[in-house]
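User: I am new to this structure and would like a close look at one part of it, followed by an account of how other local features are placed along the chain.

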Amino acid sequence: MTPRLYLNTGQWLCYATDGGEMDCAGSGQDGEEAPGIIWPEPRFHVAGDIVRDCLTDLEWTVRANFTEFPLDWLKSLNTVRRMNRDRYAGYRDWRLPNRRELRSLISYQTRDPALPRAHPFQDVFLGWYWTSTTAAINPAYAWYVHMEGGRMFYGRKTEYRLVWPVRGAGNGVLPGTGQHRCFDMDGTRIPCQGTGQDGELQVGIEWPEPRFRADPDLVLDRLTGLVWSRRADLAGRWTTWEEAFQVVSDLNDRQLGGRTSWRLPTINELESLVDASRHTPALPKEHPFQDVQEAYWSSTSSGFEPDWCMALYMHKGAVGVGQKKDENFSVWAVSRGG
């Protein structure tokens, strides 16, 4: 069976360039295609102070603002260490989530917060939450996720952000981030043992070796089962969002690689390519892609402002937004394996 190690984004509506809701049929948008692992119903199960995510089998504290006030990155890691020392809720395997674990909670259909509807979490703060993943582009920075609209960027480890602990091994739907080194607050590499950082724990499914299988026009990602166009700049320029869909439509007319199932990738599909240990581009070291650009359109509208679209900044590995009407980003195409 072809793997699908990337999550559905939760988006089920489609939006025009001006942000107005539109019919999904024939749009090619995330809301029409809904690719990825579908969310179970119910999504969450509450047991006292713990919420189990039935999609990933990870367990989160029911209080999303666990410390009640922001902390710097090192103090955040130390907070989780104290939780384990004190056996919070009876467990000693709490950790600061890595970037993929924290993003797994995000719904791109909702806003304020960007969490699944009817989620059971308490005290969700509409701000930035730390992950345990250092930013490869500058190791004095670490990744954080914004709960208002689902963006992910990085900031200095000395900044003060929120803490949301997680525990459990998961059920094998989240790949590892690729990070295998650890760094202190200044960005100096340090031994990983006892740090609680992503580079020490390396939680998630291991990547296959080799990760990619390349043909002249196609690349199979053996981790996710997705097939990508080998050329990563299909328009040869920045385009608007509408133009990006037309570029992909033309690709199907030409039957690139013998396929007519090309589409604009969702933001989760784009992010699945990221290797958090690398930058410029943030792709695995021996990737076979050609003409990799700085940033890409996704088929996922912003649930926060639907006239904007989610985008991946490939040099950094960041998840941001761009206004659909502007010539902001490059075009890459994806197809399901098989």
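Is Asp57 buried, partly exposed or exposed, and why does it count as such?

Analyst: The model is a predicted one, and what follows should be read with that in mind. Asp57 has a relative accessible area of 32%, so it counts as partly exposed, because that class covers the range between under 20% for buried and over 50% for exposed. Asp57 lies in the loop between strand E4 (50–53) and E5, and its phi is near 70 degrees, a positive value in a residue other than glycine. Most residues other than glycine have a negative phi, and most peptide bonds are trans. Glu68 likewise has a positive phi, near 70 degrees, and this residue is found in the loop between E5 and helix H2 (73–85); with a relative accessibility of 62%, Glu68 counts as exposed.

The backbone also holds cis peptide bonds. One of them joins Glu41 and Pro42, with omega at about 0 degrees, and Pro42 lies in the loop between H1 and strand E3 (44–47). Another cis bond runs from Asp112 to Pro113, with omega near 10 degrees, and Pro113 belongs to the loop between helix H3 (99–103) and strand E6 (128–134).

Strand E5 leads on to the aromatic residues. A search of the whole structure finds 18 aromatic pairs. In one of these, the ring centres of Trp60 and Trp164 are 5.6 Å apart and the planes stand at 65 degrees, so the pair is edge-to-face. This pair links distant parts of the chain, since Trp60 is in strand E5 (residues 59–61) and Trp164 is in the loop between strand E8 (152–156) and strand E9 (166–167), 104 residues apart. Both Trp60 and Trp164 are buried. A further edge-to-face pair is formed by Trp297 and Phe329, at 4.9 Å centre to centre and with 85 degrees between the planes. Here too distant parts of the chain are linked, with Trp297 in strand E15 (residues 295–301) and Phe329 in the loop between strand E17 (318–323) and E18, 32 residues apart. Trp297 counts as buried at 0% relative accessibility, and Phe329 is buried with a relative accessible area of 4%.

Trp60 and Trp164 also belong to one aromatic cluster, together with Phe44, Phe121 and Tyr129. Elsewhere, charged side chains sit over rings: the charged end of Arg43 is over the ring of Trp39, 4.5 Å from its centre, and the charged end of Arg167 is over the ring of Tyr91, 3.6 Å from its centre.

Turning to the cysteines, the structure holds two disulfides. A disulfide is a covalent bond between the sulfur atoms of two cysteines. One joins Cys14 to Cys24, with an S to S distance of 2.1 Å, and this link is right-handed, with 105 degrees about the S-S bond. It connects distant parts of the chain, as Cys14 is in strand E1 (residues 14–15) and Cys24 in the loop between strand E2 (21–22) and helix H1 (30–33), ten residues apart. Both Cys14 and Cys24 are buried.

Cys182 and Cys192 form the other disulfide, with their sulfur atoms 2.1 Å apart, and because the torsion about their S-S bond is about 105 degrees, this disulfide is right-handed. Cys182 is in strand E10 (residues 182–183), whereas Cys192 is in the loop between strand E11 (189–190) and helix H4 (198–201), ten residues apart. Cys182 is buried, with a relative accessible area of 0%, and Cys192 counts as buried at 19% relative accessibility. Counting the bonded cysteines along the chain, the disulfides follow the pattern 1-2, 3-4. As for Cys309, its sulfur is 12 Å from the closest cysteine sulfur, in Cys14, which is too far for a bond; Cys309 is itself buried, with a relative accessible area of 0%. Cys54 is partly exposed, with a relative accessible area of 24%.

Finally, four strands form an open sheet in the order E12-E13-E14-E18, and the pairing is antiparallel. Strand E12 (212–214) and strand E18 (334–336) stand at the edges, each with a single partner strand, so one side of each is left without a neighbour in the sheet. The twist averages 25 degrees from one strand to the next. Within this sheet, strand E13 (residues 218–221) and strand E14 (residues 226–229) pair in the antiparallel sense over three bridges, and Val219 has Trp228 of E14 as its bridge partner.

Methods:
Residues numbered from 1 in each chain as written. Predicted model: local features only at pLDDT ≥ 70, side-chain atom pairs only at ≥ 80, totals over all residues. Heavy atoms only, no water. Disulfide = S-S within 2.5 Å. Helix = DSSP H or I, 4+ residues; strand = E, 2+ residues; numbered from the N terminus. Buried < 20%, exposed > 50% of the residue type's maximum accessible area, 1.4 Å probe, protein only. Pairing = 2+ DSSP bridges. Axes fitted to C-alpha atoms, helices over the stretch in contact; angles between N-to-C directions. Phe/Tyr/Trp six-rings, centres within 6.5 Å; stacked < 30°, edge-to-face > 60°. Lys NZ or Arg CZ within 6 Å of the ring centre and 35° of its normal.
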